[in-house]
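Dear colleague,

Please find below the structure that I am handing over to you. My notes on it follow directly after.

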Amino acid sequence: MAFTGVTTEQSRGVAVRIEIDSLEGRSGAFAHVYETGELDFNDDRVRLIGPPEISGRVIRKGHQLLLNGRLSAQAQVECDRCLKSIEVPVRTDFSLQYVTAKEYEALHAAELEESDLALAIFDGEFIDVDEIVREQVLLAVPTRTLCREECKGFCPACGVDRNLKECSCQTEGSDPRWAGLKELSEP
């Protein structure tokens, strides 16, 4: 950990956090490399296979906190066609803004601008770094992933993996509910 504003504490369910009172002056740098198993990442679609590394800078600007950082990790996802496990690198830069609930209500009383919609609310005491890592990993992992571009996937009729074995199923037929539209398009 790079400065005293980042602490590791398991008792509250938060392993790594930035304590606002520990910031020296108006800003501070932070960095943390997670140990294996230190970060609980419960997601059915994405699994971390290497320890994530996060670093950045926190700047106190009035009642707001600006957090700029970089995250790198190695994740494992499934191919969208054949469900084969694929390793994908996760590297992202991020910029977040935090305000307390009281400050957000004051902003909400005035007219909100588009830039205010990206504000996150925190308790005023600490920022949960674990939650930032979880969020940034999910945002950085592609929503559609293929093991390779020419992946054939599973046969919708018999379920065989077409990358490993050919089947003789006829899957070229169209859905009969679309027959009326097909008739319109034929000359």
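**Findings**

Please bear in mind that the model is a predicted one.

**Salt bridges**

The side chain of Lys 152 forms a salt bridge with that of Glu 166, at 3.2 Å from N to O. Both Glu 166 and Lys 152 belong to the loop between H2 and H3, so the pair ties together parts that are 14 residues apart in sequence. Glu 166 is exposed, its relative accessible area being 57%.

The count of salt bridges comes to 5. In general, side chains of opposite charge can pair when their charged atoms come close. Another of these bridges joins Glu 150 to Arg 148, with an N to O distance of 3.4 Å. Here Glu 150 is exposed, at 52% relative accessible area, while Arg 148 is partly exposed, at 34%.

A further salt bridge links the side chains of Glu 19 and Arg 17, 3.1 Å from N to O. Glu 19 has a relative accessibility of 21% and counts as partly exposed, because the buried class ends under 20%. Arg 17, in contrast, is buried, with a relative accessible area of 6%.

**Aromatic rings**

How many aromatic pairs does the model contain? The count comes to 0 aromatic pairs.

Leu 138 is part of helix H2, which covers residues 129–140. This leucine is partly exposed, at 34% relative accessible area. Setting aside residues up to four places away in sequence, Leu 138 touches Phe 41, Asp 43, Arg 45 and Val 46. Leu 138 and Val 90 are separated by 48 residues in sequence, and their C-alpha atoms lie 9.3 Å apart in space.

Thr 92 belongs to strand S7, made of residues 85–100. Is Thr 92 buried or exposed? With a relative accessible area of 17%, Thr 92 is buried, because that value falls under the 20% limit for buried residues. Apart from its neighbours within four places in sequence, Thr 92 is in contact with Gly 69, Arg 70, Leu 71, Gln 136 and Ala 140.

**A backbone point at Leu 83**

Most residues other than glycine have a negative phi. Leu 83 is not a glycine, yet its phi is positive, at about 65°. The residue is located in the loop between strand S6 (64–78) and S7. Leu 83 is partly exposed, with a relative accessible area of 49%; it does not count as exposed because that class requires over 50%.

Which residues make the nonpolar surface patch? Trp 178, Leu 181 and Leu 184 make this patch, and its area is about 390 Å². Of these residues, Leu 181 lies in helix H3, which spans residues 179–185.

With kind regards

Methods:
Residues are numbered from 1 along each chain as its sequence is written. This is a predicted model: local features need pLDDT of at least 70, side-chain atom pairs count only at pLDDT 80 or more; totals for chains, interfaces and linings use all residues. Side-chain values use heavy atoms; hydrogens and water are left out. Patches are made of residues with over 30% relative accessible area and no salt bridge: like charges are joined within 9 Å, nonpolar side chains (Val, Leu, Ile, Met, Phe, Trp, Tyr) within 5 Å. Accessible areas come from the Shrake-Rupley method with a 1.4 Å probe; for residues, only the protein chains shown count as cover. A salt bridge is a side-chain nitrogen of Lys or Arg within 4 Å of a carboxyl oxygen of Asp or Glu. Helices (H or I, at least four residues) and strands (E, at least two) are DSSP runs, numbered from the N terminus. Rings of Phe, Tyr and Trp (its six-membered ring) pair if their centres lie within 6.5 Å; planes under 30 degrees apart count as stacked, over 60 as edge-to-face and the rest as tilted. Buried means under 20% relative accessible area, exposed over 50%, partly exposed in between (1.4 Å probe, protein chains only). Contact means heavy atoms within 4.5 Å.
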